[in-house]
Amino acid sequence: MSKSIYVGNLPWDATEGQIQNLFAEHGEVLSVKLVSDRDTGRARGFGFVEMADADAPAAIEALDNFSLGGRALRVNEAKPKEPRPRRY
């Protein structure tokens with residue numbers, strides 16, 4: 001099993017490779033997905049890291065408030081996406 005971890009307040013120039021390497025210091029990283037704006041393609045400053053269940057708590061503990069590129073990361077277990085009401 002795996003856990004999805006929310007990573008927020010990322011520097012705008014952060015790459016998936018940088019985040020992969022950062023989290024890999026704390027366990028097995030299964031995937032990294034940084035979110036970008038649909039229209040402009042620019043980074044939105046957050047993303048998700050998928051890690052093995054056993055490794056995720058240690059990574060969250062170690063990296064919450066970790067300074068990356070002068071910004072304090074916000075790291076916690078991702079919550080399931082809430083269904084949004086349909087737009088007409």
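Ala, Val, Leu, Ile, Met, Phe, Trp, Tyr, Cys and Pro count as nonpolar here, Asp, Glu, Lys and Arg as charged, and the others, Gly among them, as polar. What you see is a predicted model, where local features need pLDDT of at least 70 and side-chain atom pairs count only at pLDDT 80 or more, while totals for chains, interfaces and linings use all residues. Residues are numbered from 1 along each chain as its sequence is written, and side-chain values use heavy atoms, with hydrogens and water left out.

**View 1. A look at S4 in strand β1.** S4 sits in β1, which covers residues 2-8 (strands are DSSP runs of E, at least two residues, numbered from the N terminus). With a relative accessible area of 34%, S4 is partly exposed (between buried, under 20%, and exposed, over 50%, using a 1.4 Å probe and protein chains only).

**View 2. Who S4 meets.** Skip the neighbours within four places in sequence, and S4 is in contact with F48, V49, E50, E77 and A78 (heavy atoms within 4.5 Å). K79 is 75 residues away from S4 in sequence, yet their C-alpha atoms are 8.2 Å apart.

**View 3. The largest cavity.** Searching the whole structure turns up one cavity of 30 Å³ or more (on a 1 Å grid over the protein atoms alone, a set of points where a 1.4 Å probe fits but cannot get out; lining residues have an atom within 4 Å of a point). The largest cavity holds about 40 Å³ of space, a volume being the space filled by probe spheres set on the points.

**View 4. What lines that cavity.** Around the largest cavity you'll find L10, P11, W12, A14, L34, V35, A43, R44, G45 and F46. By class, that's eight nonpolar, one polar and one charged. Strand β3 gives the largest share, four residues.

Conventions: On a 1 Å grid over the protein atoms alone, a cavity is a set of points where a 1.4 Å probe fits but cannot get out, and a pocket is an open set with protein on both sides within 12 Å along at least five of seven lines; lining residues have an atom within 4 Å of a point.
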